[in-house]
Amino acid sequence: MEQKEKGRDWNQRLNALGVMFLAILVGVIGWVELAQPFGIRFRDFTGGMVTFDTLIRIGILTIVLVGLNLLMGYAGQISLGQAAFYGIGAYTSAIMTTLASRHGVLPGVSRSWWWPWLAILVGMGVTGGFAYLIGRPILRLRGNYLAMATLGLGIIMYILFREGEDFTGGNDGIAGIPRLAIGSFKIWPIERYYFLVWAIALVVIIIALNIVNSRVGRALRSIHGSEVAANTMGVDTAKYKSQVLVLSAVLASLAGSLYAHFQALIAPTPFSFAASVELLVMSVVGGIASIWGAPFGVALIYVVREVLRARLHAILHGAGGEHEMIVYGIVVVVIMIFMPEGLTAGLAKALRRAKRA
Amino acid sequence: MNQRVGVAKTESKWKLSRELVGKGVTVAVILGVIAFVLFLGYKKHFETRHYLQLAIDGIRGGSIYALIALGFVVIHSVTGIINFAQGEFVMLGAMLCATIYHSDLSLPPVLKLALAIVLAVAATTLIGVVLERITIYPARGSPVVALIIITIGATITIRALALLAWGTRAKWVPAFTTLEMEDLTFRFGGLIVKAQSFWIWGAVAVVLAVLFYFFERTVMGKALRACAVNRRAAQLMGISPSRMSLLSFALAAALGAIGGIVLAPATRPTYDMGLILGLKGFVAAIMGGLVSSPGAVLGGLILGAAENIGAGVTSAGYKDIVAFVILILILLFRPQGLIGGGERAVEEG
């Protein structure tokens with residue numbers, strides 16, 4: 001018992017350390033970019049392969065992946081349609097901030113600085129409600145059935161984004177989405193947005209770590225272990241599963257809104273089935289059994305892709321996009337063969353082995 | 001399990017009424033959908049023959065979904081994996097067939113086509129076997145999610161290799177009857193049926209007959225079925241699960257390749273045709289409860305007809321949505337599959 005208490009204490013300290021480390025890392029990178037000590041910019045460290053643009057994307061997708069990891073790693077429910085929730089958030093923000101002012105709906109309000117923030121909240125509410133409606137009946141089924149339902153849902157939403165010309169602009173999407181602002185303080189250029197995105201990502205990680213170490217987290221893990229056993233012990237499994245699905249959808253929606261305000265233009269492609277699959281790949285590659293798998297997974301996949309894009313042609317003469325995808329697919333397969341629990345669990349295991357030796 | 005039986009006994013009365021309500025809702029949903037389709041068709045001045053024509057064309061595509069769905073069912077019931085590379089087998093079959101046919105072999109076209117078909121099926125089967133050995137076999141015993149991600153990674157690589165080998169241009173395979181690009185068409189009353197449709201239906205019928213023989217009459221087929229019923233027990237009977245996994249991938253690859261080849265003359269195959277076909281085949285497999293072969297075939301045919309009619313009464317852009325709306329309706333109201341048999345899969349997840 002004491003051993004266990006100690007273990008938990010250790011885990012919590014490790015998590016606190018991790019959050020601090022990530023916060024400092026984010027701060028230092030941001031500071032380097034802003035202050036440019038000795039005329040060095042962040043991208044010089046990476047040979048120009050990883051830019052601030054990429055870092056912001058990693059931050060945004062980290063928010064999605066934290067939700068996905070809670071859903072998959074802790075509640076054991078696979079989602080193949082997370083990009084749909086991401087998309088609903090993005091499109092809600094885009095529609096509310098562009099169409100409303102263009103058509104003069106609520107003229108005074110839709111031009112004020114807090115309107116986009118309200119749109120983000122509305123998006124989160126809509127997505128959460130949607131997830132609740134679809135989740136309640138589907139989550140009664142087990143195992144891969146949520147994956148199948150979310151797969152269907154994701155593709156339906158994508159087709160609606162693509163075909164709903166009047167609202168979503170069809171294939172061209174919606175342009176002219178305004179930047180976020182607080183009062184007259186605009187959260188742009190890109191460095192400011194970087195701090196906003198990563199601050200939100202850090203808060204989301206902290207909240208998720210707290211959930212995992214709470215009563216709810218224990219209930220979720222019990223569901224993952226054995227749903228029947230959890231049920232017998234009085235855990236309302238259906239309720240918890242549906243709550244986690246809603247939470248993951250709300251986080252995806254938040255990230256989608258941040259993405260819309262970052263790009264200032266959205267089109268259906270980033271919300272397709274392929275995007276959902278990529279989110280799943282990131283999540284599993286990072287390791288679904290840990291919140292820390294989220295930033296790891298996104299960063300790894302992004303860095304691998306950026307490096308391949310920037311460097312592959314140097315090794316392989318005349319390499320193009322096809323070659324990148326071939327290597328990318330092989331990397332995913334190899335990671336899954338050698339670290340089926342994902343990178344975080346794989347690294348932890350390797351560390352433990354090194355310590356013993 | 002026992003606990004469930006106990007609950008069922010005390011709540012049998014409730015359960016009965018709930019089942020009745022459930023059936024009522026299902027029927028109401030089906031009637032509602034049919035009424036909606038008829039209303040849309042009425043606005044477009046559709047007559048019965050329009051619907052029949054759409055259904056016939058749809059069943060042609062649906063036959064291919066049926067073959068893909070069978071591949072999903074075979075692999076899923078033996079290994080528990082949902083193989084996302086299933087659609088790529090279809091693409092490989094079609095593209096390899098086109099490539100071999102257009103190579104400069106000096107043979108009469110008939111022989112050349114026959115050779116192309118045989119070689120394409122053999123090559124795709126070999127690719128399925130190699131895929132299983134180098135990706136699934138080394139990861140055996142990993143969580144199923146990891147195995148599914150492996151098939152996704154393989155899909156990405158296969159598609160990129162296809163893009164590298166064949167480019168983005170569409171290929172063509174001659175119609176089997178005329179050996180030209182143009183196919184014969186038959187007219188029955190007001191209905192038009194292309195000759196290739198008969199080839200497709202014929203191929204599906206032959207494949208089903210062979211599969212039936214294989215599963216019911218051969219030791220290997222029975223071993224595969226035993227593995228699907230209970231992997232552990234099958235292993236204790238001396239059946240190697242690893243060999244059965246290999247066999248299931250070979251079978252699924254061959255089924256996909258045959259589907260791709262017979263479909264190729266009716267549509268012009270491209271390197272990226274696999275994704276959507278694979279997903280539709282997956283929906284068809286779900287319609288059959290993911291474990292039932294007859295269910296998967298029926299699912300494929302119904303799906304093909306339904307989506308073509310759906311696209312006919314709305315617009316082509318919405319064609320793909322029909323399959324996934326059906327998927328969600330099936331999961332909500334009939335997760336065990338249209339003709340049942342999937343109850344065990346629903347229980348085990």
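The points below comment on chains A and B of this predicted model.

1. Confidence in chain B. The mean pLDDT of chain B is 87, and 93% of its residues score at least 70. Where pLDDT is low, the predicted coordinates should not be read in detail.

2. Overall dimensions of chain B. The radius of gyration of chain B is 21 Å, which agrees with the value near 20 Å that a compact globule of 349 residues would have. Along the principal axes, the C-alpha atoms of chain B fill a box of roughly 75 × 60 × 35 Å. Chain B holds 14 helices and two strands.

3. Burial, surface and contacts of chain B. Of the 349 residues in chain B, 50% are buried. The accessible surface of the chain amounts to about 16,500 Å², and carbon and sulfur atoms contribute 68% of that area. Among contacts in chain B with a separation of 6 or more, 72% join residues 24 or more positions apart.

4. Helix α12 of chain B. This helix covers residues 293-313. Its end C-alpha atoms lie 30 Å apart, in agreement with the 30 Å that 21 residues should span at 1.5 Å a residue. Helix α12(B) is mostly covered, with 15 of its 21 residues buried. At its start, a side-chain oxygen of S292(B) comes to within 2.8 Å of the backbone nitrogen of G295(B).

5. Helix α12 of chain A. The helix that carries this number in chain A comprises residues 237-263. Its 27 residues reach 39 Å from the first C-alpha to the last, close to the 39 Å expected at 1.5 Å a residue. Because 22 of the 27 residues are buried, α12(A) is largely enclosed by the rest of the structure. A264(A) follows the helix and has a positive phi, near 65 degrees.

6. S248(B) in helix α10. S248(B) belongs to helix α10 of chain B, which covers residues 241-263. Its relative accessible area is 0%, so S248(B) is buried. A polar atom of the S248(B) side chain lies 2.7 Å from the backbone oxygen of S245(B). An α-helix has 3.6 residues a turn, so residues three or four places apart point the same way. Apart from neighbours within four places in sequence, S248(B) is in contact with V74(B), I75(B), V78(B), T79(B) and L224(B).

7. Positive phi values in chain B. Two loop residues deserve a check of their backbone angles. H45(B), which is not a glycine, has a positive phi near 60 degrees. H45(B) sits in the loop between α2 (12-43) and α3 (48-79) of chain B, and its relative accessibility of 67% means that it counts as exposed. L179(B), also not a glycine, has a positive phi of about 60 degrees. The loop that holds L179(B) runs between α6 (144-166) and β1 (185-188) of chain B. With 22% relative accessibility, L179(B) counts as partly exposed, the cut-off for buried being under 20%.

8. The cis peptide of chain A. The peptide bond from W188(A) to P189(A) is cis, and its omega is near 15 degrees. P189(A) is located in the loop between β3 (185-186) and α9 (190-212) of chain A.

9. R192(A) in helix α9. R192(A) is part of helix α9 of chain A. Its relative accessibility is 37%, so R192(A) counts as partly exposed. Setting aside residues up to four places away in sequence, R192(A) touches F185(A), K186(A) and I187(A). R192(A) and I29(A) are 163 residues apart along the chain, and their C-alpha atoms are separated by 12 Å.

10. I206(A) in helix α9. Helix α9 of chain A also contains I206(A). I206(A) is partly exposed, with a relative accessible area of 37%.

Note on methods: Residues are numbered from 1 along each chain as its sequence is written. Chains are lettered from A and ligands numbered from 1 in the order in which they are written. This is a predicted model: local features need pLDDT of at least 70, side-chain atom pairs count only at pLDDT 80 or more; totals for chains, interfaces and linings use all residues. Side-chain values use heavy atoms; hydrogens and water are left out. Helices (H or I, at least four residues) and strands (E, at least two) are DSSP runs, numbered from the N terminus. The expected span of a helix is 1.5 Å times one less than its number of residues. Buried means under 20% relative accessible area, exposed over 50%, partly exposed in between (1.4 Å probe, protein chains only). A polar contact is a pair of N or O atoms within 3.5 Å; within protein, one must be able to donate a hydrogen and the other to accept it, and residues adjacent in sequence count only if both atoms are side-chain atoms. The radius of gyration is taken over C-alpha atoms; the globule rule is 2.2 Å times the number of residues to the power 0.38. Contact means heavy atoms within 4.5 Å. Accessible areas come from the Shrake-Rupley method with a 1.4 Å probe; for residues, only the protein chains shown count as cover. pLDDT is the predictor's confidence in each residue, from 0 to 100.
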